[in-house]
Amino acid sequence: INVNDHSNAAFFSQVVNWFQLPGGLVTLSKKPWTIISYMFSDVDLMRALSNMLWLSAFGSVLQYLTGNKKLIPVYLYGGFAGAVFFITAVYLIPTNKAVINSLGLLGANASVMAVAIAATMIAPNYRFFRDIRGGIPIWILTVIYVAVDLAGVAQSQAAFPIAHFGGALAGFLFVKMLKNSIDGS
């Protein structure tokens with residue numbers, strides 16, 4: 001990196017490029033660590049802070065209700081599902097094929113979406129701020145979170161909201177499997 005080059009293009013091509021999940025499989029094969037690094041990296045400070053706040057809210061509920069061993073797996077499964085859905089969408093949606101080499105996924109959104117859906121499915125009537133008129137049910141906060149999250153990617157390529165949906169599906173399936181294992185034992 002040229003220390004005197006302060007352009008955004010240089011930062012994205014020489015730094016961010018090593019952390020974001022590429023849309024193309026050929027590029028991914030050269031940087032396989034990005035399947036993990038993308039869900040722990042971000043360049044947008046407000047989005048990173050927002051993800052941390054939502055993760056704190058939903059993650060604390062998930063951890064409180066299920067114990068200390070579920071939060072990290074749900075987060076990782078959501079991130080992995082988001083990556084799979086993102087790459088699949090990049091290849092299946094015709095408008096993405098022209099920009100396949102310039103698309104990259106970065107941020108914890110898919111992982112946080114998995115945690116939010118999992119926490120909500122486990123206890124949809126769990127309440128925040130119980131002292132204020134009985135509290136706000138977690139499902140209402142989840143609806144708000146999903147709306148804000150999808151509004152944030154509404155103007156992006158379709159692969160981005162699909163990645164977030166993949167994270168949500170991972171959270172949903174995690175809880176379904178958890179409930180099945182509890183019911184089956």
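Is F129 buried or exposed? F129 counts as exposed, because its relative accessibility is 54% and the exposed class begins over 50%. The model is predicted. This briefing covers a nonpolar surface patch, a helix pair, a salt bridge and a few individual residues.

**Loop between β3 and β4**

- F129 sits in the loop that runs between β3 (127-128) and β4 (136-137).
- The phi angle of F129 is near 55 degrees, which is a positive value in a residue other than glycine.
- R133 is also placed in the loop between β3 and β4.
- For R133, phi is near 50 degrees, again positive in a residue other than glycine.
- R133 counts as exposed, with a relative accessibility of 83%.

**Nonpolar surface patch**

- F129 belongs to a nonpolar patch on the surface, together with I132, I136, W139, I140, V143, I144 and V148.
- Taken together, the residues of this patch have about 740 Å² of accessible area.
- Helix α8 (residues 138-152) supplies the largest share of the patch, with five residues.
- I144, one of the patch members, lies in helix α8.
- The relative accessible area of I144 is 41%, so this residue is partly exposed.

**Packing of α4 and α7**

- Helix α4 (residues 45-66) and helix α7 (residues 109-122) have axes that come within 9 Å and cross at roughly 35 degrees.
- The crossing of α4 and α7 is left-handed.
- On the α4 side, the contact is made by R47, N51, W54, L55, F58, G59, V61, L62, L65 and T66.
- On the α7 side, the contact is made by N109, V112, V115, A116, A118, A119, T120 and I122.

- N51 is located in helix α4 and counts as buried, at 5% relative accessibility.
- Beyond residues up to four places away in sequence, N51 touches D42, A108, N109, V112 and Y145.
- Among these, N109 and V112 are also listed for the α7 side of the helix contact.
- I122 is located in helix α7 and counts as partly exposed, at 25% relative accessibility.
- Leaving aside neighbours within four places in sequence, I122 is in contact with L62, L65, T66, V175 and L178.
- Among these, L62, L65 and T66 are also listed for the α4 side of the helix contact.
- I122 and V175 are 53 residues apart along the chain, and their C-alpha atoms are separated by 6.9 Å.

**Salt bridge**

- The structure holds one salt bridge.
- D42 and R47 form a salt bridge, in which the closest N and O atoms are 2.5 Å apart.
- Side chains of opposite charge can pair when their charged atoms come close.
- D42 counts as partly exposed, at 24% relative accessibility.
- R47 is partly exposed as well, with a relative accessible area of 28%.
- R47 also takes part in the contact between α4 and α7, and D42 is one of the residues touched by N51.

**Y91 in helix α5**

- Y91 lies in helix α5 (residues 71-92).
- Y91 is partly exposed, with a relative accessible area of 30%.
- Y91 and G79 are twelve residues apart along the chain, and 19 Å separates their C-alpha atoms.

Conventions:
Residues numbered from 1 in each chain as written. Predicted model: local features only at pLDDT ≥ 70, side-chain atom pairs only at ≥ 80, totals over all residues. Heavy atoms only, no water. Patch = residues over 30% accessible without salt bridge, like charges linked within 9 Å, V, L, I, M, F, W, Y side chains within 5 Å. Areas by Shrake-Rupley, 256 points an atom, 1.4 Å probe, with all protein chains shown as cover. Salt bridge = Lys/Arg side-chain N within 4 Å of Asp/Glu carboxyl O. Helix = DSSP H or I, 4+ residues; strand = E, 2+ residues; numbered from the N terminus. Buried < 20%, exposed > 50% of the residue type's maximum accessible area, 1.4 Å probe, protein only. Axes fitted to C-alpha atoms, helices over the stretch in contact; angles between N-to-C directions. Left-handed = near helix turned anticlockwise from the far one by under 90°. Contact = heavy atoms within 4.5 Å.
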